[in-house]
Amino acid sequence: MSLELNKVTKRVGAEVHIHETSLILEEGSFNTLLGPTLSGKTTMMQLMAGLDRPTSGEIRFRGQDVTGVPVQKRNISMVYQQFINYPNFNVYDNIASPLRVAGMTGREIDERVMRVAELLRLKPMLKRRPSELSGGQQQRTAIARALVKDSDIILLDEPLANLDYKLREELRDELPRFFAERTRIVVYATTEPTEALLFRGNTATLHAGRVTQFGETGEIYHRPADLITARVSSDPPINTAQVSKHGNEVHIGQIRLPVYGGARNLPDGSYIIGIRPHHITPLARNAGAATIEGKVLIAELSGSESAIHFDLNGETWVSQSPGIHPFEVGSIATLYVDMNHTLYFDLDDRRVEGSE
Amino acid sequence: MANIVLRDIRHSYLPNPTRNEDWALKRLTIDWADGGAYALLGPSGCGKTTLLNLISGLLKPTEGRIFFDGRDITDTSPEARNIAQVFQFPVVYDTMTVYDNLAFPLRNRGIDKQQVDERVREVAAMLELETTLDERASGLTADGKQKISLGRGLVRSDVNVIMFDEPLTVIDPHLKWVLRSKLKELHQRTRRTMIYVTHDQTEALTFADQVVVMNNGEIVQTGTPIELFERPSHTFVGHFIGSPGMNVLPCEVKGGKALFAGQPVDSLNASACRGEDGKLELGVRPEFVSFVEDGIPVRVVNVLDAGRYRIVEIDHAGHRIKMRIPEELSIPEGAAHVRFAPDRTQIYRDGWVVT
């Protein structure tokens, strides 16, 4: 029982919007489509919803071929980045509208509306119009409308992107709870790795119209299949460098770093290493720490964390760590790299198995 | 570049404001030094854009005066104020080349060709746009276009102030990192007076030397990022800054000692707390709550993994508390004990820190 994309592609004229993609989204699962702007997230959702037809391949839902079945004939809800509500309806009627369209009657409508209003903390404002609500309340109303009719699939296309940072944080906290109780499939598109991580569930990373990896979110973050997936799933961006491995050392120009763990067994040669910014700190914390020196480009001190941007053999690298660590622009910073968490890729950008 | 002073400013969009809530900006005074990097931070509707429009001259304050370098410019037109502004959505002339886009504000002011060329190349170098100077702007990506907007803001050397209104809101997270640090680097190199308006705490705190936190048309606290993080003077600042925001818990103070749900808690300022009136609360950030052998007994309710840290939700006597635990530390299951860092725990009365 699932939504299945089988060798689906989408071309518009000569342009490929979605390269051949096969995915199975299980019933009751929360799936994040993670990728930068124009990576194909919205197109993918439109194909899943039946708002758009694939150029080739098929889409199956609960075993049935639904390729080309329009959205009206399928039980699907969508929530967009721009909050869409009926401006002349109050919150109650906005939430009730899909039920009325479905021909439901008074008492049943009332029960369902009150239930989602409770869940989304909209009860005190049911009589208000959208214009009298904050952005967060307007988006919660749109989400309530998507939840109220018990859709088989709910698609949310960057629903928090237009909200204030703090509201985003609050809704991000609450969203998984709204979906927890039912067996429906949830698909959530975002550009933000942190969102995907906090939602857990599954993640498909997208880049230039291609799903680079699909699986459990923690797995994608800790064991990315390739360099693009590692980049797409890292915020702040992952630091990378081409290295040559000689025994238990890797060399980046004149810089020498130790190799730990399974990576010691890799044959000598050229690799690309990836080190996330929080594994480089101004304080020696771990046993696996190696020292590097870099020329400071800028130090950003946010009060809680310090992000030090520095030059390492011609590449811009970033260190991010808790606490306050001021550095003068142009000075040489001594930093500690936790080599235990280094990712190794081959020169075709595939992560090398057994290197962790 | 100029020193900017706003004196006793109030603003209302209504013709006859009477009630307190009629004011979009309640009385405020600000003194910004020449060459500083400042941020206005607050939620939608807090008055930060109104304040920006007062400085640029798009709005005239209902009350109060505005000075640039001691000169009263309250009645001066926006054009005559000599301000550069960068907006949320890139403003770019698609049919022009990158070079012409950058040169536009200078040519408009009749600056000679050689000087235009020098300035354009200097700014293009700072923003790493040198290789695209001859390309049409229409072919650029969203962040490329926003770089041009930033460049146009920086290209004039005669402006009093450069104002940024949510310049990175529509930029993807990865590029945000690049542009944000670029902007800070540019400030350090040029030392222009810059005012940055945003609802995003990370942008405000990493860019500015001084951050003005606003809520409901008022300034709640002005301070360095470190001051705002370590010593929030109001629970709103504690909540709004930090991710997750500060834990605000009910408390009582007896004989100069704070008690949270019957548990004694050491704090910075409980000894200064006198009198019974008002609502007393204790504020401690998720970063400053740690697991210990012996302390406040709690139950671990939920753990969210954000990759480089985890947000741990704990419960003590029905009160939910959030902790932020780095990747390398382990988290106990079920029953545990925690401690609030005494030098990072403050007592608040009716929202304001007790002094």
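## Overview of chain A

Of the 356 residues of chain A, 45% count as buried; a residue is buried if 20 or more other C-beta atoms, placed from the backbone, lie within 10 Å of its own, exposed if 12 or fewer do, and partly exposed in between. This is a predicted model, in which local features need pLDDT of at least 70 and side-chain atom pairs count only at pLDDT 80 or more, while totals for chains, interfaces and linings use all residues. Residues are numbered from 1 along each chain as its sequence is written, and chains are lettered from A and ligands numbered from 1 in the order in which they are written.

The secondary structure of chain A comprises 8 helices and 20 strands. Helices (H or I, at least four residues) and strands (E, at least two) are DSSP runs, numbered from the N terminus. Along the principal axes, the C-alpha atoms of chain A fill a box of roughly 75 × 45 × 35 Å. Among contacts in chain A between residues at least 6 apart in sequence, 66% join residues at least 24 apart; two residues are in contact if their C-beta atoms, placed from the backbone, lie within 7 Å.

## Domains of chain A

Chain A is divided into domain 1 (2–232) and domain 2 (262–345), with bounds that come from an automatic or database domain assignment. Taken over C-alpha atoms, the centres of these two domains are separated by 37 Å.

In chain A, 4 residues of domain 1 are in contact with 4 residues of domain 2. On the side of domain 1 that touches domain 2, 3 residues are nonpolar, none is polar and 1 is charged. Here Ala, Val, Leu, Ile, Met, Phe, Trp, Tyr, Cys and Pro count as nonpolar, Asp, Glu, Lys and Arg as charged, and the others, Gly among them, as polar.

## Contact between the chains

Between the two chains, 32 residues of chain A are in contact with 35 residues of chain B. On the chain A side, α5 (165–179), α6 (193–199), α7 (217–222), β16 (289–301) and β17 (305–312) each supply at least two residues. The largest share, 4 residues, comes from β16(A). By class, the chain A side has 14 nonpolar, 11 polar and 7 charged residues.

## Helix packing

Two packed helices are described by the angle between their axes and the distance between the axes. In chain A, α4(A) and α5(A) pack at an angle of about 15°, with their axes 11 Å apart. Axes are lines fitted to C-alpha atoms, for helices over the stretch in contact, and angles run from 0 to 180 degrees between N-to-C directions. The angle therefore makes α4(A) roughly parallel to α5(A), since angles under 35 degrees count as roughly parallel, over 145 as roughly antiparallel, 65 to 115 as roughly perpendicular and the rest as oblique. The residues in contact include Ile143(A) and Leu147(A) of α4(A) and Leu167(A), Leu171(A) and Phe178(A) of α5(A). This contact has 5 nonpolar, 2 polar and no charged residues.

In chain B, the axes of α4 (residues 142–155) and α5 (residues 173–190) come within 11 Å and cross at roughly 15°. That makes α4(B) roughly parallel to α5(B). The residues of this contact divide into 6 nonpolar, 2 polar and 1 charged.

## The loop residue Lys123(A)

Lys123(A) lies in the loop between α3 (106–119) and α4 (135–148) of chain A. Because Lys123(A) has 13 C-beta neighbours inside 10 Å, this residue counts as partly exposed. Not counting residues up to four places away in sequence, Lys123(A) touches Ala117(A) and Glu118(A).
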